[in-house]
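Here is a structure to get to know step by step.

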Amino acid sequence: MSLRDRLRSERGMAVPSVMMLVVVGLGFGSAALVSSVSSQSSTTRDSRIKGSIAAADAGLDRAIYRENKILTTTSLPCVLMGVGGSLIKGVASGDGWCPAVTGSVGTTTYSYRVKPWTLVTLLGRQGRQVTIVSTGTANGISRRISETAFSPLGAQVFGSEGVIGKDGITMNGNANTNVAMGTDGNITASGNATICNNARHGPNKTITYTGNAHQCPGYSVTTGTVSLPNPDQSDALANSSTSRFFTSDPKTGNVSWDAATRSLSMSGNSTLTLGGSSYSLCSLSMSGNSTLYMAAGAKVQIFFDTPESCNLSGSQIDLSGNSAVTSTAYNPALGNFDLPGFFLMGSDTISTSVSITGNGGTDEFLLYGPRTDISLSGNGSMTYVGAVAGKTVSMSGNASITSNAGMPPPIIPTMLLYGRQRYVECTGATGTPPDANC
């Protein structure tokens, strides 16, 4: 074969062509493999990032839950983990933040720190604000989140109702009220009992009248429920104004205070004038013509501790005879509706009660005990000025509950419930303080 023929021939090209196709195929395959590996790596990292953020969120949720479970004070502002996982109050670290609390969710972990609460005003409401920083970690990837949470100090639980008996309201004799009443249970009125305002009973419950009992014309009967949160005595026990007995808070006559049992007793024609802010008691007993005065300008709150803490059951407030509670500052004509507040912590397992009886006179104070049975009665024209809320409310004899026109719904110091206010992911490096770069 001539040289020219050999050059024109295609013999021997098959192998290089196949090799070229193999190389090109391997190139495409490698590119696809690299792309697949890169995609899987990116997907894995995204999954870990999402897992770390979810873990940080879990830490925030757990922190809020624990802050709502334990009422901290200015001296013990932190919620810490105690023996066996119990929650205890504790002090802050040197940097002003609470010690770190750690936990896990599946294979991820979290660690959070809380900046103790400060008092702030938000949308016209004063309350406590905490800052929480939580770090979540999933397979070596960490993300940090910061949030602030706010809890208003107190709630307007009464609304338009001046008498609330959570489980039921009973009226008999000549009992009467000119304030609206409500219950999640039944309202039972007998004898000459009179309701001269609106009334609310619970769903599938009733309001019944026997004898001459009736509701005044022009008022309505509705159905519904209401929530009565437990009162919050905050640091009233640690900083109780009972230390003012009987120097700054003067007495006359037969007045005694037992600091061990936190029992205050008054009898005869005795008087006691309270000028402090928060008092922590276990029981109050008044008889005869004794009178408990609230000094002008004093905003008095009296907290009755739980029966478990007081080692008692039954009556925590017993006012009899012609005893009276009088607020010197209360003057509706001048627009001053300040009334002292009596707040009963109560218990879910031990019964507590309030008994107010008398032969006449007027009592002026707010009475709030959602886990306490309240009884108002009297042989004379016993008038109660204020608002009443209890587990049950019963009125008998000549007991009367009234309120002055224009009196605003009172603010009840209730247990704190923090809600998220600001939520942000921290993008910078961890520093000092813990919420740096958030």
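The paragraphs below go through strands, salt bridges, pockets and a cavity.

Before we start, keep in mind that this is a predicted model, in which local features need pLDDT of at least 70 and side-chain atom pairs count only at pLDDT 80 or more, while totals for chains, interfaces and linings use all residues. Residues are numbered from 1 along each chain as its sequence is written, and side-chain values use heavy atoms, with hydrogens and water left out.

Let's begin with strands. The names come from DSSP runs, numbered from the N terminus: helices are H or I runs of at least four residues, and strands are E runs of at least two. Strands of a sheet pair through backbone hydrogen bonds, either parallel or antiparallel. Here, two strands count as paired if DSSP finds at least two bridges between them. Six strands make up an open sheet with parallel pairing, and their order is β14-β11-β8-β30-β28-β26. At the edges sit β14 (214–215) and β26 (361–364), each of which pairs on one side only. If you want to find one end of this sheet, look for β11 (residues 194–195), which pairs with β14 in the parallel sense over two bridges. There, Thr194 stands opposite His214 of β14.

For the antiparallel sense, turn to β1 and β2, which pair over four bridges. Leu80 faces Ile88 in β2. Five residues lie between the strands of this hairpin, and Gly84 takes a positive phi near 75° there.

Now for the charged partners. A salt bridge here means a side-chain nitrogen of Lys or Arg within 4 Å of a carboxyl oxygen of Asp or Glu, and the structure holds 11 of them. Take Arg113 and Asp95 to start with: their closest N and O atoms are 2.9 Å apart. This pair links distant parts of the chain, with Arg113 in strand β4 and Asp95 in the loop between β2 (87–90) and β3 (101–105), 18 residues apart. The cut-offs are under 20% relative accessible area for buried and over 50% for exposed, with partly exposed in between (1.4 Å probe, protein chains only).

Another bridge joins Arg262 to Asp305, with 3.2 Å between the closest N and O atoms. Arg262 belongs to the loop between β16 (251–258) and β17 (263–274), and Asp305 to the loop between β21 and α3 (307–310), 43 residues apart. Arg262 counts as buried at 12% relative accessibility, and Asp305 is buried as well, at 4%.

Then there is Arg371, whose salt bridge with Asp348 has its closest N and O atoms 3.3 Å apart. Arg371 is in strand β27 (residues 366–376) and Asp348 in the loop between β24 and β25 (352–356), 23 residues apart. Asp348 is exposed, with a relative accessible area of 66%. Finally, Asp57, Asp61, Glu147 and Arg420 are linked in a network of salt bridges.

Grid points are joined across faces, edges and corners, and a volume is the space filled by probe spheres set on the points.

The largest pocket has a volume of about 1,000 Å³. It is lined by 42 residues, and the closest to its centre are Leu153, Gln301, Ile411, Ile412 and Pro413. Strand β5 gives the most to this lining, with three residues. The second largest pocket holds about 470 Å³. Of its 18 lining residues, Lys69, Ile70, Leu71, Met345 and Met415 are the closest to its centre.

The structure also holds one cavity of 30 Å³ or more, and the largest cavity has about 50 Å³ of space.

Definitions and conventions. On a 1 Å grid over the protein atoms alone, a cavity is a set of points where a 1.4 Å probe fits but cannot get out, and a pocket is an open set with protein on both sides within 12 Å along at least five of seven lines; lining residues have an atom within 4 Å of a point.
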